[in-house]
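Subject: Handover of a structural model

Dear colleague,

Please find below the model that I am handing over to you. My notes on it follow directly after the structure.

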Amino acid sequence: MQNPATLNLIAWFKQHARRLPWRQNPSVYKTVVSEFMLQQTQIKTMLPYFERWMQEFPSFQALAQAPLTSVLAVWSGLGYYTRAKHLHAFAQTFIHRPVTTYAELLTCPGIGPYTAAAIASIAFNEPVMTIDGNVIRVLARLLNHSEVFTSQATARTWVQPYLQRYFDQTHPGVFNEALMECGATVCTKTHPVCSQCPLRVDCQAFQLHTQSTCPQFLKAKELQKQKHRLWHLNANALLLAPSTIATRTSVTLLELPELSPDQRTQLPELQPIFTGKRRIGNTTYTETLYSLPPSVALPTKLIHQWKAQWLPIKALNQYPLSGPHKRWIQAILTSLS
Ligand code: SF4
């Protein structure tokens with residue numbers, strides 16, 4: 001027999017689910033695109049990209065036939081470009097051999113356990129559970145879990161058997177979406193709205209007033225790093241080099257060349273023109289951009305060391321720049337115009 005809390009949750013979802021574009025006239029294609037875009041990106045950020053994507057590539061067929069450069073251009077600005085490459089490759093596979101099960105989805109590049117479970121359950125009704133940060137938070141509060149999780153991975157392992165108590169085998173996709181929606185909109189990290197929660201009667205944290213301290217995660221040590229970069233504009237072309245910061249993406253992103261301490265000593269005429277901050281994982285980078293006076297020539301050997309190239313500023317949109325550098329370059333170009 002169905003858990004009464006599950007019935008409450010699903011009834012609540014049917015009434016209160018946000019009207020997201022992939023929930024209107026849902027399709028396998030919309031589910032797949034939304035799940036790829038939502039990896040490492042929040043809904044409000046990806047929404048305009050999703051709308052534009054659907055206009056440009058309305059089906060697996062249209063996406064599979066599009067050149068990768070057009071796909072990357074439409075994705076540009078959303079970050080983690082490997083996702084766009086994987087989604088493109090997925091469409092090319094799917095039109096010849098539809099991939100419809102959790103196990104098959106897991107074999108596709110760019111699809112990990114969470115995305116495979118979301119697509120398999122929402123698009124193909126396979127009874128697999130999706131476990132994200134929202135699900136972990138809701139379950140930890142329902143059970144008033146007081147121990148500190150050492151990582152997301154340990155939290156995911158912990159949550160699995162408890163989630164089984166609530167999981168709806170008959171409507172797995174609706175259940176998964178409902179639980180994640182409850183975590184995203186009601187049982188939020190800092191302001192859970194317990195008065196509107198469909199799981200309130202089952203919730204120990206609510207009864208014990210421990211919502212604000214549950215769940216707890218071991219905090220990663222915060223790091224601060226400095227970087228120095230060269231801004232060199234020559235005849236409307238900007239010098240850019242492969243990024244030197246390791247990220248999770250396998251696409252090599254372009255950034256302004258990084259100046260080592262030695263290189264800065266070789267170029268005493270450098271003048272700071274801009275400072276920006278970016279965050280990767282638990283590290284905050286403060287990056288200072290320097291320009292050279294027009295009278296000073298940039299040594300060719302430095303350009304080779306950086307593997308840098310001159311790219312026309314009018315065509316920068318066609319290249320995979322990192323998000324922060326794209327914004328900073330735009331800001332500097334605007335201030336110069
Ligand atoms: S009752 Fe409150 S703390 Fe418990 S699951 Fe609902 S929103 Fe979260």
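I begin with the strands: E7 and E8 are paired in the antiparallel sense over nine bridges. Strands (E, at least two residues) and helices (H or I, at least four residues) are DSSP runs numbered from the N terminus, and two strands count as paired if DSSP finds at least two bridges between them. Within this pair, Thr275 has Thr288 of E8 as its bridge partner. The two strands form a hairpin with two residues between them, and Gly281 in the turn has a positive phi of about 60 degrees.

The model is predicted, so local features need pLDDT of at least 70 and side-chain atom pairs count only at pLDDT 80 or more, whereas totals for chains, interfaces and linings use all residues. Residues are numbered from 1 along each chain as its sequence is written, and side-chain values use heavy atoms, with hydrogens and water left out.

The sheet and its helix

E7 and E8 belong to an open sheet of three strands, in the order E3-E8-E7 and with mixed pairing. Its edge strands are E3 (223–231) and E7 (271–280), each of which pairs on one side only. Direction ignored, neighbouring strands of the sheet are turned by 20 degrees against each other on average. E3 and E8 (residues 283–291) run parallel and are joined by nine bridges; Gln226 has Thr286 of E8 as its bridge partner. Helix H15 (residues 323–336) lies across E3, E7 and E8 and runs at about 150 degrees to E7. Angles here run from 0 to 180 degrees between N-to-C directions, and axes are lines fitted to C-alpha atoms, for helices over the stretch in contact.

Domains

The chain is divided into domain 1 (4–217) and domain 2 (223–336), with bounds that come from an automatic or database domain assignment. The C-alpha centres of domain 1 and domain 2 lie 36 Å apart.

Helix packing

Which helices does H2 pack against? One of them is H6: H2 (residues 28–38) and H6 pack at an angle of about 160 degrees, with their axes 10 Å apart. The two are therefore roughly antiparallel to each other; angles over 145 degrees count as such, those under 35 as roughly parallel, 65 to 115 as roughly perpendicular and the rest as oblique. The crossing of H2 and H6 is right-handed, a term used if the near helix is turned clockwise from the far one by less than a right angle, with left-handed for anticlockwise. On the H2 side, the contact (heavy atoms within 4.5 Å) is made by Val28, Val32, Val33, Phe36, Met37 and Leu38, and on the H6 side by Arg83, His86, Leu87, Phe90 and Phe94.

H2 also packs with H8 (residues 113–124), at an angle of about 160 degrees and with the axes 10 Å apart. That makes H2 roughly antiparallel to H8. This crossing is right-handed. Val28, Thr31, Val32 and Glu35 of H2 meet residues of H8 that include Tyr114, Ala118, Ile119 and Ile122.

The axes of H5 (residues 68–75) and H6 (residues 82–94) come within 9 Å and cross at roughly 135 degrees. That makes H5 oblique to H6. The H5 residues in the contact are Leu68, Val71, Leu72 and Trp75, and those of H6 are Arg83, Ala84, Lys85, Leu87 and His88.

Most residues other than glycine have a negative phi, and most peptide bonds are trans. Asn144, in the loop between H9 (133–142) and E1 (148–149), has a positive phi near 45 degrees. Ala235, in the loop between E4 (233–234) and E5 (237–242), has a positive phi of about 50 degrees. The peptide bond from Cys214 to Pro215 is cis, with omega near 0 degrees; Pro215 is placed in the loop between H12 (204–208) and E2 (216–217).

Arg23 is found in the loop between H1 (4–16) and H2. Leaving aside residues up to four places away in sequence, Arg23 touches Phe13, Ala17, Arg18, Glu177 and Glu181.

Yours sincerely
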